[in-house]
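Here's a quick briefing on a single protein chain. Have a look at the model first, then the notes below.

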Amino acid sequence: MITGSNLFGPITQLGYLTDDIEATARAWTDMLGIGPWTLMQSVTMHATMNGEASDIEIDVALAYKDDVQIELIKPLNDAPSPYQEFVKAGIWGLHHVQFETDDMEASIEDARNAGLEPVCKINQGGGVFTYLKGPGVWFELIQTGPELLGFYEMIKSRSKGWDHKNLLDTVEL
């Protein structure tokens with residue numbers, strides 16, 4: 001096990017589970033001034049969860065606080081996913097912390113050496129996402145391609161000079 005090291009580098013995202021995206025987005029905005037939120041509804045992610053294929057359906061909203069992305073996730077089905085353990089326990093709130101990687105396989109090997117096992121892999125929208133079950137909170141590794149990076153930059157640029165109007169803007173994928 002690795003101790004005392006910064007295993008993955010800077011945090012790039014905080015993933016937050018909710019059963020009401022609009023109310024949660026409003027709370028983050030009212031308390032912390034974070035927004036605007038880019039909402040994507042009924043997103044289906046083709047995943048491998050614990051070695052088995054799974055089609056995960058979620059609503060998701062993204063916003064930025066400086067360089068950290070805030071992701072609000074509302075699970076829409078009971079498919080095996082990184083979210084189901086929390087949902088079944090009635091736990092809403094911080095779910096995962098995300099780190100970017102340029103080399104997913106090397107980062108997974110580093111995670112294994114630190115005692116973390118990958119449990120879910122998703123290829124979606126120009127990115128590869130790997131979830132690692134951690135103590136209390138999960139960790140997510142992301143390897144992004146140019147398309148996904150451009151999408152994230154568009155969302156981040158909207159937060160600069162935001163006038164606090166249009167809390168949620170829906171985007172069709």
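Helices (H or I, at least four residues) and strands (E, at least two) are DSSP runs, numbered from the N terminus. This is a predicted model, so bear in mind that local features need pLDDT of at least 70 and side-chain atom pairs count only at pLDDT 80 or more, while totals for chains, interfaces and linings use all residues. Residues are numbered from 1 along each chain as its sequence is written, and side-chain values use heavy atoms, with hydrogens and water left out.

**The fold overall**

- The protein chain has 4 helices and 9 strands, and from the N terminus the order is β-α-β-β-β-α-β-α-β-β-β-α-β.
- Its radius of gyration is 16 Å, close to the 16 Å from the globule rule for 173 residues, so the chain is as compact as a globular protein of that length. (The radius is taken over C-alpha atoms, and the rule is 2.2 Å times the number of residues to the power 0.38.)
- Along the principal axes, the C-alpha atoms fill a box of roughly 45 × 35 × 30 Å.
- Buried residues make up 46% of the 173 residues; buried means under 20% relative accessible area, exposed over 50%, and partly exposed in between (1.4 Å probe, protein chains only).
- Of the contacts (heavy atoms within 4.5 Å) with a separation of 6 or more, 62% are between residues 24 or more positions apart.

**Helix 1**

- Helix 1 has 12 residues and reaches 16 Å from first C-alpha to last, close to the 16 Å expected at 1.5 Å a residue. The expected span is 1.5 Å times one less than the number of residues.
- I21, T24, A25, W28 and T29 are buried in helix 1. They cover an arc of only 135° around the axis, which puts them on the same side of the helix; the arc is that of the directions from the helix axis to the C-beta atoms.
- Turned away from that buried side are the exposed residues E22, D30 and M31.
- The cover over the buried residues of helix 1 includes strand 1, strand 2 (37-49), strand 3 (52-65), strand 4 and strand 9 (168-170).
- One of those buried residues, T24, has a relative accessible area of 12%. Leaving out residues up to four places away in sequence, T24 touches Y16, T18 and L72.
- D20 caps the N-terminal end, with a side-chain oxygen 3.3 Å from the backbone nitrogen of E22. At the other end, helix 1 is followed by G33, which has a positive phi near 75°.

**Helix 4**

- L148, Y152, I155 and K156 are buried here. Seen down the axis, they fall within an arc of 100°, so they line one face of helix 4.
- P146 and E147 are exposed on the other side.
- Strand 2, strand 3, strand 4, strand 7 and strand 8 (138-144) are among the elements covering the buried residues of helix 4.
- After helix 4 comes G161, again with a positive phi near 75°.

**Aromatic pairs**

- How many aromatic pairs does a search of the whole structure find? There are 6, where rings of Phe, Tyr and Trp (its six-membered ring) pair if their centres lie within 6.5 Å, with planes under 30 degrees apart counted as stacked, over 60 as edge-to-face and the rest as tilted.
- Y16 and W28 are an edge-to-face pair, 5.6 Å centre to centre with 90° between the planes. Y16 lies in strand 1 (residues 11-17) and W28 in helix 1 (residues 21-32), so the pair ties together parts that are 12 residues apart in sequence.
- Y16 is partly exposed at 25% relative accessible area, whereas W28 is buried at 16%.
- Y83 and Y131 are also edge-to-face, at 5.9 Å and 85°. This pair links distant parts of the chain, 48 residues apart: Y83 is in the loop between strand 4 (68-75) and helix 2 (84-88), and Y131 is in strand 7 (residues 127-132). Both are buried.
- F8, F99 and F139 form one aromatic cluster.

- Most residues other than glycine have a negative phi, and most peptide bonds are trans.
- A cis peptide bond joins G35 and P36, with omega about -5°; P36 sits in the loop between helix 1 and strand 2.
- S42, in strand 2, has a positive phi near 50° and is exposed at 53% relative accessibility.
- N50 lies in the loop between strand 2 and strand 3. Its phi is positive, near 50°, and N50 is exposed at 56%.

Key. A polar contact is a pair of N or O atoms within 3.5 Å; within protein, one must be able to donate a hydrogen and the other to accept it, and residues adjacent in sequence count only if both atoms are side-chain atoms.
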